[in-house]
Every structure is written in C-alpha cells, then in structure tokens.
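Trainee: Could we go through the interior of this model together? I would like to begin with packing and then move to other topics.

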Amino acid sequence: MSLTTPDAESLRERIAELMPQVRADLETLVRIPSINFPGYDTADVVRGGEACAQLLRDAGADPVLIPSSSGVPTVRADVAGPPGSPTVLLYSHYDVQPAGDESKWNSDAFAPEEREGRLYARGAADDKSGVITHIAVLRAFDGKPPVNLRILLEGEEEYGGDFEEWPTTRPDVFADLDAAVICDMGNVEIGQPTFTTQLRGIIEGVVTVNTLAEPRHSGMFGGPAPDALMVLIKLLNSLMDDQGNATVTGIAGSQWEGADYPEQAYRELAGVLPGVPLIGTDSIASRLFSKPAVSVVGLDAPEVATAPNAIIPMARAKISVRIPAGVDAQEATEFLAAHVRAHAPFGVQVEFEPGLPANGSAVPVGGPAYDAFSAAMAFAYGRASTQQGAGGAVPFVANLIEAFPNLEVLGVGAQDPLARIHAPNESIDLTELQDSIVAEAVFLAEFGASQ
C-alpha cells in the first residue's frame, strides 16, 4: 500500500525539528525512578505519572489522572480530531523495572547518558520511549491531530495491577475505538520496521520442600534423611527433557511460521558464553515465540560461603513458564501445579503457591489500520515492514484482544534487540526513536484521510 496523505514529508521535517525537545522530554522521564515494585517508593511512580501528564499538557492535551488500587495513576487524555474522524488509542506505560545490580551499569541507571547515538537509562526503551513517541506525535500536530486520540499511559505494566483488567472492568474506554497502537514493542533489527503479532503469556509459582524440623549433621544422619534441596533439584529436573524442551503435561506449543531468528544474532544479544550450546529443539523462533519455555528464576537455599555440613531441612524455588498464545494461563498454572506434585521424588509432599497468570495473545493483521501503518513505516524507514513474535507478556494486550476481537491492535515501537530492556545498560537508539515517531504520525494522517 502506498501513502495517500500529502503531509508525510512535512511531518518528517517537523519531527526532525522537534527532536531536541523529544530528547529533553525523554530525559525528564527517565530521571524519575518510577519502579512500581514492592519495596520501592510509590511516590516516585506517582511523580512519573504526573510528569507524563505535564508533558501532555505542554503538547496541547488536557489529561486526567485516574487512581488505581496500587496508588499510582493512569494518565488519560482525549484529544479531538476533525468531526467524523476515527478514534485511535495510543498506549504506553511509564513504570520501569528495577535497576538491578548497579555495578553492571556503565553509567547511573537514572541519569541519562548518550553514547554513540544511544541514550542509556532505565526505561529509556521500555517503555518511556513509547510514552515520548505519543507526546512527540501530538507536538508534531500542534495538539490538533487528524483523528480522535485516546492516550492511555499506565504505571502498572511491569508488576501488574488494575489497568490490565480495564478492557473488562472499564469497557466504555475502548468501545468506540477504530484502532489501538500499542507502543511497547520494537523492531527485529535497527532500521527494519516491525509489527509484533504474537506475545507469549506467563505463569509462575513457588514450590516449597520441607523434610526435617531443623538442620542435622550430614555425617550422623545423612543417608536415610531426605535432603530438601536434593528433593527440590530432582523435582526441578523433571521440568525439562534431555534436549532442554519443557515437559509440563498439558502445556503445548507449535512451530513458528514466520522468519527464523538468526542463531549468531541470538547468541550475541543473549550473551551466551563461547562454547555453551543452545538448548531445546526446533527453530530458534519457535523456541522464543510459540513454544513453552521453563526457567527457575529464584532459589532459596544456604549460601555456599557459609553453608554448614548439614542436611538441608527446607528449600524452595520460583518457577516461571512462558506460554504460547492460545494456551489458557489459568489452566496452564493448574497443569504446572499438578506436574510439581506428581514429580516430587520419594513420596515427599511439596507445597505449590501459584503466582498471577497472564495469557499470551495472537494479534490479527490485515485491516485498514494495519495497511495504513505499514505504508507509514515504509515511508519512515525506507523499507517494507515485517512481523515478529515476542517472548514477553503484555497482559493488557491479551485482555484487550479477548474483549474486543474486532479491534485492530498494532504492536509497534522504537525498541530494538540492542536495547537491553530489563537488563543493565538499557538504551534507545535516538535515530530509531525519530523514525518510530515519524511512522506513528504519518499513520495517523493516513488513517484519518482514508476513513
């Protein structure tokens, strides 16, 4: 599809002029440690939401802050377009992951620093780049967009909260939409515009093994007494086969039908050490996007440095399973619990505490909004768009698609494989950010003109 709007080139020029302001806006946001996790100051998250609202006001909107049970606001701004024009949702989130081990950062996680065309800071990519994209687009239109806009910027995506349930608890917010732009994704490589069309879901749970009332001397009692950590290790071993494929009965996957993920690129981006093999079978894309993947993400056991020579009475682990789109997360959690109990060795009884499940989603493509955005991407990047899956879960998207199956949902964004989201030294490529803003602005002009 080729563009019909005559404003594309002028929008590109306008956004180029705005880039110093765009960068300043992004730096303002990433300086705020808006970490909505237990143990962190909720006031910082609230401050992040208020900063988003102020930037929207500066861009010509009149936002409102809607509180949630977690105490952080969702920022909503409705901006009118021409009479009779379609209504488009622009979604992003302003909460971020914790910085983690700050010694692994090359600069302060919340003090933005540019190096070789990339801006480094926690949240610079995930997902304050998405927030800034929407604000920049509104600035590009001087607050007068060619379509009706409903901008939703939430602060609960990384840990979970009320907002992900809005498609069912507040359906009126979405009932009149003609398209939804989920700007929390990215491109398969820098310069290659990409729609994310499938997201894995996630289930998790904590398994606890108790075998003794307290530690006992391993020389005097070792042998008949079951060591809780050894019991746990044998149980966890049952979650994978000898090739590294997930073995939880009832949680199935499929072959990814799109392009494969190049192995060397995957190794480099994942940081796989030289000589270490990849695990699992089938294509890398299938293992990443359309098959279940099991990880043990936490383990409670004595530290090696201070461990006594004693039989361990209690051990526990947190199990995380990424599930393909189409697998019901609640049922999958029950399958995981049943697997854990069935594979506890020696007849030992174990406890399983489930976490919050989140469904994956397959995003239908091919409607008028998709065609308009695809044409806008081709203009902005100079290349035709492609499609990819994504391993991460975005529960709001799955819930939105389930509640409004006829709504066109477009997963896009400025993130790229080098962005290192959720990891030390997160960053955004500033040229990629500019092209992403151009694509969204041109899409709105094109979609408005075509309806």
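This is a predicted model: local features need pLDDT of at least 70, side-chain atom pairs count only at pLDDT 80 or more; totals for chains, interfaces and linings use all residues.

Trainee: Which residues of the largest nonpolar core touch the most other members?

Mentor: Among its 69 residues, those are Leu-56, Val-88, Leu-149, Phe-373, Ile-428 and Phe-443. Helix 12 (residues 430–450) supplies the largest share of this core, with 11 residues.

Trainee: What does Leu-56 touch?

Mentor: Leaving aside residues up to four places away in sequence, Leu-56 touches Ala-61, Pro-63, Val-75, Ala-77, Ile-135, Leu-138, Ile-151 and Leu-153.

Trainee: And how many residues are in the second core?

Mentor: That core is separate and has 29 residues, including Val-207, Ala-228, Ile-251 and Ala-337. As a general point, nonpolar side chains in soluble globular proteins tend to be buried together.

Trainee: Changing topic, how many cavities of 30 Å³ or more are found?

Mentor: The search of the whole structure gives three.

Trainee: Which elements give two or more residues to the lining of the largest cavity?

Mentor: Helix 10 (368–381) and helix 12 do. The lining includes Phe-373, Met-377, Tyr-381, Ser-436, Ala-439 and Glu-440. Phe-373 is also one of the residues named above for touching the most other members of the largest core.

Trainee: How do the lining residues divide by class?

Mentor: For the largest cavity there are six nonpolar, four polar and one charged. The second largest cavity has four nonpolar, two polar and four charged residues in its lining. Among the residues lining that second cavity are Tyr-91, Glu-154, Glu-156, Glu-157, Glu-164 and Phe-396.

Trainee: Why is the pair of Tyr-91 and Phe-163 stacked?

Mentor: Their ring centres are 5.8 Å apart and their planes are at 20°, so the pair counts as stacked, the cut-off being under 30 degrees. Tyr-91 lies in strand 3 (residues 87–93) and Phe-163 in the loop between strand 6 (148–154) and helix 4 (166–169), so the pair ties together parts 72 residues apart in sequence.

Trainee: Is Tyr-91 buried or exposed?

Mentor: Tyr-91 is buried, with a relative accessible area of 0%. Its rings' other stacked partner here is Phe-396, with centres 4.8 Å apart and planes at 25°. Phe-396 lies in helix 11 (residues 395–403), so this pair ties together parts that are 305 residues apart in sequence.

Conventions: Residues are numbered from 1 along each chain as its sequence is written. Side-chain values use heavy atoms; hydrogens and water are left out. A nonpolar core is a set of buried Ala, Val, Leu, Ile, Met, Phe, Trp, Tyr and Cys residues joined through side-chain atoms within 4.5 Å. Buried means under 20% relative accessible area, exposed over 50%, partly exposed in between (1.4 Å probe, protein chains only). Helices (H or I, at least four residues) and strands (E, at least two) are DSSP runs, numbered from the N terminus. Contact means heavy atoms within 4.5 Å. On a 1 Å grid over the protein atoms alone, a cavity is a set of points where a 1.4 Å probe fits but cannot get out, and a pocket is an open set with protein on both sides within 12 Å along at least five of seven lines; lining residues have an atom within 4 Å of a point. Grid points are joined across faces, edges and corners, and a volume is the space filled by probe spheres set on the points. Ala, Val, Leu, Ile, Met, Phe, Trp, Tyr, Cys and Pro count as nonpolar, Asp, Glu, Lys and Arg as charged, and the others, Gly among them, as polar. Rings of Phe, Tyr and Trp (its six-membered ring) pair if their centres lie within 6.5 Å; planes under 30 degrees apart count as stacked, over 60 as edge-to-face and the rest as tilted.
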